[in-house]
Amino acid sequence: MSYAIVDIETTGGYAGANGITEIAIILFDGSKTEGKFHTLINPGIPVPRYISSLTGITNEMLYDQPSFEKVAGNIYNLLEGRIFVAHNVNFDYSFIKHHLAACGYSLNSRKLCTVRLSRKIFPGYARYNLGAICRELEIPLKNAHRAFGDATATAELFERLLNSDNDGHIAAMLKGKNREQYLPMHVPVEQIDQLPSLPGVYYFHDRSGKIVYVGKAANLQKRIKSHFSNNDVSRRKQDFIKTICGVTHKVCGTELMALVLENVEIRRLWPQYNRSQKRFSYTYGLYSFTARNGYRMLAIEKKKNRLEPVYTFNNLQDGYCLLKKLVNTFSLHTGLCFIDTSKDWKVEEDPH
């Protein structure tokens with residue numbers, strides 16, 4: 001097999017609004033190096049001071065360097081048809097794919113992440129960032145946080161992984177569209193595989209265990225996988241992916257129960273990434289009550305301080321959209337949800 005071992009330096013953490021300042025590519029056939037490519041790149045935007053402090057790459061160094069567009073064809077030719085290898089591969093791949101697309105090139109490579117492979121093939125270490133794993137395996141890492149130095153160390157790490165892969169982890173990761181390649185770097189695939197295909201609420205945790213996102217699902221495993229099925233280059237998505245280190249869940253009896261629990265948990269925990277439900281002052285609520293005739297009923301009304309709604313909405317239309325969805329999904333009777341107001345289903349008792 002042919003591999004392209006890649007490392008880049010950038011102006012920031014997500015491809016949508018940041019540029020590449022340096023790229024290194026080492027071509028490897030599984031036993032020997034076939035070629036090397038390295039260049040600084042003028043990103044067309046200033047390099048932040050904290051990035052310069054980390055990498056040593058300054059605006060002055062990049063002033064006379066080629067733009068990405070000028071080297072895009074060469075980069076595409078080096079990567080096309082090879083397996084894309086990097087330490088935290090989704091970061092490097094998202095940048096290069098995004099910037100190649102802007103230049104008219106469509107990159108669709110199979111990928112291997114040396115972070116995930118290291119965890120499987122060399123288990124038991126406390127940390128698996130490039131510096132830590134190189135220290136553990138006594139791999140030289142010269143000129144760290146520069147593309148060529150990091151790519152050279154990653155190439156030696158990858159060769160060790162190939163030679164030590166007695167259980168076929170690399171072949172398994174390359175088989176078809178391996179879902180593990182799309183997961184956040186710190187989330188064990190075993191946590192995803194053990195999720196049930198049942199309704200429930202799920203929680204994403206950061207490195208410290210704090211809950212940073214709460215969601216509901218009709219099928220927990222399917223919904224959680226869908227969060228990572230694309231490599232969106234926006235800042236919000238990339239920050240989200242980098243933050244997530246674990247997943248837990250609670251199974252619910254129905255999707256409606258999951259929807260209610262999700263709302264309760266968001267209000268209780270106020271997670272960092274549940275921004276949509278923090279934005280509005282809710283003015284309408286979904287209320288459940290038992291009428292005088294004994295029927296359990298649902299109604300959309302303006303929020304009342306003395307009554308606890310099942311769910312809340314910013315406008316009346318959103319409330320009725322959800323109510324109609326519940327009627328269709330769970331075969332509820334329209335008369336018991338105040339959608340059908342024919343006289344046979346009117347109730348005399350005012351729920352308020």
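**View 1. The five-stranded open sheet, order β3-β2-β1-β4-β5, in a predicted model**. Pairing in this sheet is mixed; two strands count as paired if DSSP finds at least two bridges between them. Helices (H or I, at least four residues) and strands (E, at least two) are DSSP runs numbered from the N terminus. The edges are β3 (33-40) and β5 (111-113), each of which pairs on one side only. On average, neighbouring strands are turned by 20 degrees against each other, direction ignored. Axes are lines fitted to C-alpha atoms, for helices over the stretch in contact, and angles between N-to-C directions run from 0 to 180 degrees.

Residues are numbered from 1 along each chain as its sequence is written, and side-chain values use heavy atoms, with hydrogens and water left out. Because the model is predicted, local features need pLDDT of at least 70 and side-chain atom pairs count only at pLDDT 80 or more, while totals for chains, interfaces and linings use all residues.

**View 2. Pairing of β1 with β4**. Strand β1 (residues 3-10) runs parallel to strand β4 (residues 83-86), the two being joined by three bridges. I5 stands opposite V85 of β4.

View 3. Contact here means heavy atoms within 4.5 Å.

**View 4. The three-stranded open sheet, order β7-β6-β8**. Its pairing is antiparallel. The edge strands, β7 (211-217) and β8 (246-251), each pair on one side only. Neighbouring strands of this sheet are turned by 20 degrees against each other on average, direction ignored. Six bridges link strand β6 (residues 200-205) to β8 in the antiparallel sense, with H205 opposite G246 of β8. Helix α12 (residues 255-269) packs on the sheet and touches β6, β7 and β8, its direction making about 165 degrees with that of β7.

View 5. The 15 residues of α12 reach 21 Å from first C-alpha to last, close to the 21 Å expected at 1.5 Å a residue; the expected span is 1.5 Å times one less than the number of residues. Buried residues (under 20% relative accessible area, with exposed over 50% and partly exposed in between; 1.4 Å probe, protein chains only) of α12 are A258, L259, E262, N263, E265 and I266. W270 follows α12 and has a positive phi, near 50 degrees.
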